[in-house]
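Dear colleague,

Please find below the structure that I am handing over to you. My notes on it follow.

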Amino acid sequence: MDEWRIPLGEWVDDFVDWLLDNFRPVLSGIRDFLVWSFEELSSLLTLPPAWAMILILGALAWLARGWKLGIGGALSLLFIMLIDQWDNAMQTLALVIITVVVAAVLAVPIGILAARYRVVSNVLRPVLDLMQTMPPLVYLIPGVVLIGVGPQAGMVATVIFAMPPGIRLTELGIRQVDSEVVEAGHAFGSTPGAILRNIQLPLAMPTIMAGINQVIMLSLSMVVLAGFVGAPGLGQQVLSAISQLDVGLGVEAGLSVVILAIYLDRVTAALGSRSAVARLQKTA
């Protein structure tokens with residue numbers, strides 16, 4: 001049966017070799033930028049005392065949704081500090097912030113294109129299905145091969161793994177905007193760009209932010225797995241717990257990930273709702 005075997009693996013290896021031979025300066029630039037951005041952001045997050053950062057993040061949650069979320073978020077983050085996982089949590093937060101920003105910058109425009117052009121949507125659908133069903137650890141392999149071991153490989157893998165819900169929900173949100181509202185914009189002489197900025201995006205913002213929330217959740221799960229390729233933070237703690245069969249350390253790191261996930265989910269959802277209301281009031 002060997003003569004009937006499709007040499008897919010060899011084709012992929014040849015393609016990776018071609019990328020390395022022809023795009024090495026580009027890949028080196030991506031690696032350097034990701035490493036620099038991670039080092040700078042993680043240094044910024046760990047520079048103030050832990051209690052000061054807890055107050056800042058608690059105040060952000062308070063402004064986003066109210067005093068209940070502010071106090072609850074601050075107490076949850078205080079718990080991370082008390083179990084001595086603060087620095088690891090801030091490194092993980094830095095990884096998540098960078099990957100979510102990159103994934104959102106890529107996903108939202110692609111989702112807009114998919115909403116506008118049916119051909120783009122039809123082409124993207126099987127690609128997104130593949131990206132969402134591929135085992136997450138597989139994404140670490142090309143990241144390591146192309147840009148080396150370290151946080152940069154984890155961030156590249158995380159961006160690829162986390163993008164699909166951002167694209168899908170951006171497309172869904174724009175498609176769900178009432179066609180009569182869009183037609184009214186055309187009737188008043190608005191350009192397609194103005195309709196997108198002032199009508200479609202504000203009305204689709206809750207759905208888009210739901211997609212960003214999913215990107216955040218997937219990013220958190222993936223940056224933990226990225227600890228297997230040298231990404232620092234809570235992922236390294238989970239890896240250490242597995243290698244040492246340390247249940248206590250695993251629970252501490254896992255709970256820290258959960259707390260970060262809940263905090264980011266609640267804050268981004270609140271900010272998304274407020275921005276949507278503000279933009280609708282501005283255009284009213």
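Which helices each supply at least two residues of the lining of the largest pocket? They are α1 (8-22), α2 (24-46), α6, α7 (140-147) and α8. Helices here are DSSP runs of H or I with at least four residues, and strands are runs of E with at least two, numbered from the N terminus.

Before the details, a note on the basis of these findings. This is a predicted model, in which local features need pLDDT of at least 70 and side-chain atom pairs count only at pLDDT 80 or more, while totals for chains, interfaces and linings use all residues. Residues are numbered from 1 along each chain as its sequence is written, and side-chain values use heavy atoms, with hydrogens and water left out.

Pockets

The largest pocket holds about 740 Å³ of space. Val 16, Pro 142, Gly 143, Leu 146 and Ile 160 are the closest to its centre among the 23 residues that line this pocket. Helix α7 gives the most to the lining, namely six residues. By class, the lining has 21 nonpolar residues, one polar and one charged.

The second largest pocket holds about 280 Å³. Its lining has 15 residues, and those closest to the centre are Leu 93, Ile 97, Ile 216, Leu 264 and Thr 268. Two or more lining residues come from each of α3 (50-65), α5, α10 (192-225) and α12, and α12 gives the largest share with six. This lining divides into 14 nonpolar residues, one polar and no charged.

As to terms, a pocket is an open set of points on a 1 Å grid over the protein atoms alone, where a 1.4 Å probe fits and protein lies on both sides within 12 Å along at least five of seven lines; lining residues have an atom within 4 Å of a point. Grid points are joined across faces, edges and corners, and a volume is the space filled by probe spheres set on the points. Ala, Val, Leu, Ile, Met, Phe, Trp, Tyr, Cys and Pro count as nonpolar, Asp, Glu, Lys and Arg as charged, and the others, Gly among them, as polar.

Salt bridges

The whole structure contains four salt bridges (a side-chain nitrogen of Lys or Arg within 4 Å of a carboxyl oxygen of Asp or Glu). One of them joins Asp 129 and Arg 168, with the closest N and O atoms 2.5 Å apart. Because Asp 129 lies in helix α6 (residues 118-133) and Arg 168 in helix α8 (residues 151-175), this pair ties together parts that are 39 residues apart in sequence. Asp 129 is partly exposed at 37% relative accessible area (buried is under 20%, exposed over 50%, partly exposed in between, with a 1.4 Å probe and protein chains only). Arg 168 is also partly exposed, at 27%.

Another salt bridge links Asp 265 to Arg 266, with a closest N and O separation of 2.5 Å. Asp 265 counts as buried at 18%, whereas Arg 266 is partly exposed at 35%.

Individual residues

Thr 92 lies in helix α5 (residues 86-116) and is buried, with 1% relative accessibility. Beyond its neighbours within four places in sequence, Thr 92 is in contact with Leu 220, Val 223, Gly 233, Leu 234, Gly 235 and Leu 260 (contact means heavy atoms within 4.5 Å).

Gly 250 belongs to helix α12 (residues 247-283) and is partly exposed at 26% relative accessibility.

Yours sincerely
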